[in-house]
Amino acid sequence: MRNVAWLFIVVGTWCVPSTVRAADSTPAQEREALDEALRLAGPQLYAHLPFVLTSALPRTVSPGAEAWTLYDEHGKGDRIFVYTLSRTFRCASVRRWDQYQCLLKVASVIVHEAWHLRNGPDEAGAYEAQLAFLRLTEAAAVLQLNEAAALNIREVRRARDRTLADKRNASKQADTGAGSHLSPSTAAYSPR
């Protein structure tokens with residue numbers, strides 16, 4: 001009986017969820033994950049952009065945010081913050097079986113936020129850029145379905161639909177005088 005108990009303890013430790021282990025990433029691993037995601041996104045297009053890795057999620061940003069863009073006082077994109085404690089980024093920071101899928105998702109988030117940085121807070125355009133990147137990545141797998149891209153496409157479409165529906169509802173509320181709503185995706189955050 002005692003041997004069976006030890007077997008459960010040993011097997012139980014091996015089965016600790018990988019997300020718990022992924023929370024132990026270091027700043028070097030985080031920078032490496034960002035660099036790898038930038039490589040997937042297209043370093044010639046994105047590597048020069050002002051990225052900030054942060055473990056702080058401001059209140060003005062949606063709780064599920066993986067990254068956000070900071071705008072200056074004129075409404076122009078200033079910096080892109082990448083949230084290192086998001087589930088996707090933690091997964092991308094640690095070597096595991098699904099790391100490529102997570103890196104691809106971070107790369108698509110970079111494309112999304114880079115669109116905001118260059119074009120402003122319009123979510124429809126940013127989501128379309130993100131989906132175009134994922135479709136291109138999926139098609140690049142010569143005669144094979146890139147399952148990681150296909151899964152990320154489905155997730156991004158759901159996020160886009162949710163975000164745009166929230167914006168439509170907020171507009172309707174504003175039109176009826178029900179109060180104002182500041183969309184978390186367009187809210188500016190300043191670390192100062």
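One cavity of 30 Å³ or more is counted here, a cavity being a set of points, on a 1 Å grid over the protein atoms alone, where a 1.4 Å probe fits but cannot get out. This is a predicted model, in which local features need pLDDT of at least 70 and side-chain atom pairs count only at pLDDT 80 or more, while totals for chains, interfaces and linings use all residues. Residues are numbered from 1 along each chain as its sequence is written, and side-chain values use heavy atoms, with hydrogens and water left out.

**The largest cavity**

- The volume of the largest cavity is about 60 Å³, where a volume is the space filled by probe spheres set on the grid points, which are joined across faces, edges and corners.
- Its lining holds 13 residues, of which Glu66, Ala67, Val82, Val106 and Val109 are the closest to the centre; lining residues have an atom within 4 Å of a point.
- Two or more lining residues come from each of strand S3 (77-83), helix H5 (87-93) and helix H6 (99-119), and H6 gives the most, with four residues.
- By residue class, the lining of the largest cavity divides into nine nonpolar, two polar and two charged residues, with Ala, Val, Leu, Ile, Met, Phe, Trp, Tyr, Cys and Pro taken as nonpolar, Asp, Glu, Lys and Arg as charged, and the others, Gly among them, as polar.

**Overall fold**

- The chain has eight helices and three strands, which run α-α-α-α-β-β-β-α-α-α-α from the N terminus on; helices (H or I, at least four residues) and strands (E, at least two) are DSSP runs, numbered from the N terminus.
- Of the 192 residues of the chain, 40% count as buried, where buried means under 20% relative accessible area, exposed over 50%, and partly exposed in between (1.4 Å probe, protein chains only).
- Among contacts (heavy atoms within 4.5 Å) between residues at least 6 apart in sequence, 60% join residues at least 24 apart.

- Beyond residues up to four places away in sequence, Phe51 touches Leu34, Leu38, Tyr46, Ile80, Val82 and Ile110.

- Ala129, in helix H7, counts as buried because its relative accessibility is 19%, and, leaving aside neighbours within four places in sequence, Ala129 is in contact with Val111 and Trp115.
- Leu57 lies in the loop between strand S1 (51-54) and strand S2 (67-71) and counts as partly exposed, at 29% relative accessibility; not counting residues up to four places away in sequence, Leu57 touches Ser62, Pro63, Ala65, Trp68 and Tyr83.
- Arg95, in the loop between H5 and H6, is exposed, with a relative accessible area of 66%, and Arg95 and Ala33, 62 residues apart in sequence, are 9.9 Å apart in space, C-alpha to C-alpha.

Methods. 1 Å grid on protein atoms, 1.4 Å probe; cavity = no way out; pocket = protein on both sides within 12 Å on 5 of 7 lines; lining within 4 Å.
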